[in-house]
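I opened this one to see how the chains are built. My notes follow in the order I looked things up.

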Amino acid sequence: MDAAFLQTLWVTLKLAVSTTAILIIIGLPIAYWLAYSRYTIKPFIEALVSMPMVLPPSVIGYYMLVIYSPRNWFGAWLSNVFDIRLAFSFEGVLIASVIFSLPFMVQPLQNGLRSLPESLREASYTLGKSKSVTFFRVLVPNIKPSLITAIALTFAHSIGEFGVVLMIGGNMPGQTRVASIAIYDEVQSLNFATANRYAFILFAVSFVLLVTIYSVNKKQDVWRMI
Amino acid sequence: MANDIIYIDVEKSMFTSNGKLKLTIKTIIHPGELIALFGESGAGKTTLLRILAGLVKPDKGIVKFGNTVWFDSDKHINISPQARNISLMFQDYALFPNMTVEQNILFAQPEKDVKKVTELLAIFGLMEFRKQKTNGLSGGQKQRVALARAMARKPQLLLLDEPLSAIDYEMRTLLQNEIAQAHQLSDITTIIVSHDLNEVFRLATQVICIENGSIIRSGKPDDVFSDNRISGKVQITGIIARIEKQDTINIVTVISGNNQIIKVIAFENDIENLKIGVSVMVYTKAFNPVIRKLSNV
């Protein structure tokens, strides 16, 4: 295997692992809020979180490019204060990937929390336990299948990401060139052998992840969890 | 501060299966009592329990535990369930499936004390299950874990929401003894929601009858349920299982708490307020009952 091939796989893996790790940290509190709050703005937040599931990746990519651009206040602020330019960088792609995979993390977690009997939470409160102790020691351990589903779906979705990465990151080897883009690029160059290797790896990884999801949720209807 | 008088004066609008209902409760509960909240389902018993636990907020009123105000609508005080030092045993037990029996009890302790956990496991006959997850346990075992967990919290007030409703008669008698034992051991003020008359008589030192959201009677179980005008020598409580009309009379079949079948002849005006499922008392008026030892016993 040549260095460029491995480098592309490394960038793909780094992007998927980082996206998943960040989403576990921000997805759990969002899922908790969506599962239990009764604010009137909740449907709007729910809709925003789910938007990446229905929007074409190019739309998200376009908006992210607009936001990152130094011509707009956020991009200008990043550029002036921190000397950071997010467009066409790994970090820029990572932020977009986090936003794009958000519903794949939040929705299974939210549905998992909702399916727990209300009395578990109330029992923990009446036993004197705070909301955070209840969340980490009672609620999260009891939604393990949802947690595994959320992690596997987010990971699989991140390694398969194409449109957003292409719009924001382009195709820079070692920086933003991920396997899905490499396949497109190799096919364009009529380099089918390399394209085939990338494709097979993506196919195998996704297949293993989905088998994992279905095995941990043997008793449950997976699509109802999403 | 242990075992203080509980003062309740609250109002709460609620929606039940029978429509809208206004819960209006004003009562005082004395320390160390075992109170039964008795009434049909949908009368507001569980809601009152949840108000005491801090899980339901009343529309207005005051709840005081000794000198501590738990709820006061005028002063906008509503102490969280965590700060009330109570234990609520839920109808579905609400055991944590991710923890073993022992871990469930450990979790409830304000300060970890493994020796005390072992003691509780022994009292409730749970030693052999201590390392088991709770999902595989039977209803009776789950109930004992829930009770042990509720005690482990060392509450000032123990609330039990129909703890024995899903358990068969024999097991229920056994568990009623355990609740009585737990109450005697700890002397904690205990409130139990029940619609089983037998249970109320066996356990409660005081009973509060709730109907359509209001207290209709309260006092000692004997005083509340025995009509003083009755000079009867036999009084059996039970639930109406069947009402058969035969010519000018009706035959009412009553099943008592220990599954004895009693058939009573009743006239039209006797059964005016009676229907299947209603708790009743069967008593004798005019004759002296005869007692003799059962043969072969």
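**A loop residue in chain A**

I began with A:Phe88, which lies in the loop between α4 and α5 of chain A. I note that this is a predicted model. A:Phe88 is not a glycine, yet its phi is positive, about 60°. I recalled the background: most residues other than glycine have a negative phi. The cut-off for buried is 20 or more.

I then stepped back to the helix before this loop. Helix α4 of chain A covers residues 73–82 and is hardly covered. How many of its ten residues are buried? The count is zero. Just after α4(A), I found another positive phi, about 55°, at A:Asp83.

**Chain A as a whole**

I counted the elements next. Chain A has twelve helices and zero strands. The C-alpha trace spans about 65 × 45 × 25 Å along its principal axes. Of its 226 residues, 38% count as buried. I also checked how far apart in sequence the contacting residues are. Among contacts with a separation of 6 or more, 73% join residues 24 or more positions apart.

I picked one pair to look at by eye. A:Gly112 and A:Ser146 are 34 residues apart in sequence, but their C-alpha atoms are 5.5 Å apart in space. A:Gly112 belongs to helix α5 of chain A. It has 23 C-beta neighbours inside 10 Å and therefore counts as buried.

**Helix α1 of chain A**

I checked the length of helix α1 of chain A, residues 3–36. At 1.5 Å a residue, its 34 residues should span 50 Å. The end C-alpha atoms are 49 Å apart, which agrees. Where does the helix kink? I found a kink of about 35° at A:Gly27, shortly before the proline A:Pro29.

I then listed what is buried in α1(A). Among them are A:Thr8, A:Val11, A:Thr12, A:Leu15, A:Ala16 and A:Thr19. A:Gly27, at the kink, is also buried. I kept the general rule in mind: an α-helix has 3.6 residues a turn, so residues three or four places apart point the same way. What covers the buried residues of α1(A)? The cover includes α2 (42–54), α5 (90–115), α8 (144–159) and α10 (179–188) of chain A.

**Chain B: an open sheet**

I moved to chain B. Four of its strands form an open sheet in the order β14-β13-β12-β15, with antiparallel pairing. Which strands stand at the edges? They are β14 (261–266) and β15 (279–283), each with a single partner strand, so one side of each is left without a neighbour in the sheet. The twist averages 50° from one strand to the next.

I looked at one pairing more closely. Strand β12 of chain B, residues 235–246, pairs with β15(B) in the antiparallel sense over five bridges. B:Gly238 has B:Val280 in β15(B) as its bridge partner.

I next followed strand β10 of chain B, residues 206–211. Five bridges join β10(B) to strand β11 of chain B, residues 214–219, and the two run antiparallel. They form a hairpin with two residues between them. In the turn, B:Asn212 has a positive phi of about 45°. I noted two bridge partners here. B:Glu211 stands opposite B:Ser214 in β11(B), and B:Ile210 has B:Ile215 as its partner.

β10(B) also pairs with strand β3 of chain B, residues 34–38. Here four bridges join strands that run parallel. B:Phe38 stands opposite B:Cys209 in β10(B).

Last, I checked a helix pair. Helix α4 of chain B (residues 139–152) and helix α5 of chain B (residues 169–186) pack at an angle of about 10°, with their axes 11 Å apart. That makes α4(B) roughly parallel to α5(B). The contact residues include B:Leu147 and B:Met151 of α4(B), and B:Leu175 and B:Ile179 of α5(B).

With 18 C-beta neighbours inside 10 Å, B:Lys154 counts as partly exposed.

Notes
Residues are numbered from 1 along each chain as its sequence is written. Chains are lettered from A and ligands numbered from 1 in the order in which they are written. This is a predicted model: local features need pLDDT of at least 70, side-chain atom pairs count only at pLDDT 80 or more; totals for chains, interfaces and linings use all residues. The expected span of a helix is 1.5 Å times one less than its number of residues. The bend at a residue is the angle between axes fitted to the seven residues ending there and the seven starting there. A residue is buried if 20 or more other C-beta atoms lie within 10 Å of its own, exposed if 12 or fewer, and partly exposed in between; C-beta atoms are placed from the backbone. Two residues are in contact if their C-beta atoms, placed from the backbone, lie within 7 Å. Two strands pair if DSSP finds at least two bridges between them. Axes are lines fitted to C-alpha atoms, for helices over the stretch in contact, and angles run from 0 to 180 degrees between N-to-C directions. Angles under 35 degrees count as roughly parallel, over 145 as roughly antiparallel, 65 to 115 as roughly perpendicular and the rest as oblique.
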